[in-house]
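Visitor: I'm new to this structure. Could you walk me through how to read it?

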Amino acid sequence: MPDRLTVLVTGGAGYIGSHAVLALRDAGWPVAVVDNLVTGFRWAVPEDVAFYEGDIADSALVAKIIEEQNIGAIMHFAGSVVVPESVENPLKYYDNNSAKSRSLIESAVNGDVKHFIFSSTAATYGIPDVSPVSEDTPQKPINPYGMSKLMTEHMLRDVSAAHDMNFCALRYFNVAGADPEGRTGQSTVGATHLIKIAVEAALGKRESVAVFGTDYDTPDGTGVRDYIHVFDLAAAHVLALEALIDEPQQNHLLNCGYGQGFSVLEVLDAVDRVTNLKLNRIMEARRAGDPDSLISDNSAIMRSFPWQPKYADLDQIVTHALAWERKLGEIQG
Ligand SMILES: NC(=O)c1ccc[n+]([C@@H]2O[C@H](COP(=O)([O-])OP(=O)(O)OC[C@H]3O[C@@H](n4cnc5c(N)ncnc54)[C@H](O)[C@@H]3O)[C@@H](O)[C@H]2O)c1
Ligand SMILES: O=c1ccn([C@@H]2O[C@H](COP(=O)(O)OP(=O)(O)O[C@H]3O[C@H](CO)[C@H](O)[C@H](O)[C@H]3O)[C@@H](O)[C@H]2O)c(=O)[nH]1
């Protein structure tokens with residue numbers, strides 16, 4: 001069993017970060033969180049977790065946290081995540097995702113932090129020529145969001161070669177669902193993700209769900225994605241931490257998905273099934289920049305870590321997303 005170092009989770013008040021905090025705690029890892037609460041929520045972090053409100057680029061603050069909490073590893077979720085916004089305002093993304101990651105990595109090196117886990121994305125692949133997509137598929141992002149993340153992957157590769165730090169970049173496919181115990185979930189205001197939107201519609205928070213494009217080169221003409229339950233994704237982060245500690249010379253670049261695709265219509269059918277409702281679907285034109293299909297080849301993560309997904313089931317993902325959406329209604333009043 002590796003030493004119980006303390007893990008600094010950046011963006012731990014956000015959607016995926018708050019699940020990682022719970023997964024780490026459940027596995028017995030001491031945790032601290034830094035978050036500037038731009039899109040996150042203070043209440044999403046348990047009271048007994050050390051919480052620092054501030055920016056990852058505030059080097060004095062990060063140095064203080066590393067010192068005070070004896071940080072041995074960083075899980076870096078903090079960032080800006082809206083693809084169309086990155087097209088309109090690329091400098092925001094190159095600042096918050098690339099420049100500020102550079103600053104955080106520098107703080108990690110200066111603070112002698114030995115392990116770094118980074119939230120990367122399938123958006124670094126752009127529109128791949130192959131399906132499923134493996135890690136050696138050329139990374140050709142088609143938007144500033146994907147490019148801003150790819151730049152950070154490159155920084156980590158170079159820094160780990162020059163300094164005593166190893167890293168794991170996890171390239172998430174489509175993250176969805178919520179903590180099965182209902183402790184946290186996706187609370188993002190104005191979210192654009194399909195499953196979040198569909199459960200909002202099921203609860204009457206929206207009138208309808210738009211289906212963006214019906215003429216894709218897919219079996220039913222709508223976009224196909226590989227949806228991964230956020231609980232299983234958080235578990236993969238804990239395994240990544242343990243792998244980095246066990247083998248300090250080894251880095252990992254790994255896709256996170258189940259290797260199974262579902263179309264937009266299949267997702268909406270699942271929501272109908274789970275809720276016993278019929279969502280109002282509005283067929284619309286394609287959304288700019290959407291690939292037909294994005295499915296992960298997940299054989300590398302299955303080989304590298306003892307990862308055993310528990311919720312690789314679309315109906316389970318929808319059930320948990322729906323339960324959280326209900327609870328969120330109560331929290332928000
Ligand atoms: N949601 C997805 O489907 C998805 C897919 C691939 C990758 N990712 C990546 O996962 C990470 C988490 O995404 P999420 O969906 O949980 O988003 P989120 O917006 O819910 O979480 C991001 C958190 O980071 C905080 N933050 C942002 N900039 C910060 C800064 N400069 N300093 C300190 N805190 C800051 C926000 O307040 C928020 O709590 C992101 O890096 C994102 O790019 C998400
Ligand atoms: O209201 C909606 C929302 C989405 N879609 C469709 O549903 C699919 C999934 O769209 P999402 O917006 O849920 O997710 P994306 O695949 O666009 O992108 C997500 O996954 C990417 C990686 O694959 C990036 O990480 C990105 O940050 C994250 O939002 C796409 O075919 C999209 O066109 C609709 O039809 N209607």
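Predicted model: local features only at pLDDT ≥ 70, side-chain atom pairs only at ≥ 80, totals over all residues.

Guide: Gladly! Residues are numbered from 1 along each chain as its sequence is written, while chains are lettered from A and ligands numbered from 1 in the order in which they are written.

Visitor: Which residues come nearest to ligand 1?

Guide: A residue is near a molecule if its C-beta atom, placed from the backbone, lies within 6 Å of it. Of the 28 residues around ligand 1, the nearest are Gly11, Gly14, Tyr15, Gly40 and Gly79.

Visitor: Which element gives the most to that shell?

Guide: Helices (H or I, at least four residues) and strands (E, at least two) are DSSP runs, numbered from the N terminus. Helix 1 gives the most, with three residues.

Visitor: Is Leu156 buried or exposed?

Guide: A residue is buried if 20 or more other C-beta atoms lie within 10 Å of its own, exposed if 12 or fewer, and partly exposed in between, with C-beta atoms placed from the backbone. Leu156, in helix 5, is buried because 25 other C-beta atoms lie within 10 Å. Leu156 and Ile105 are 51 residues apart in sequence, yet 7.7 Å apart in space, C-alpha to C-alpha.
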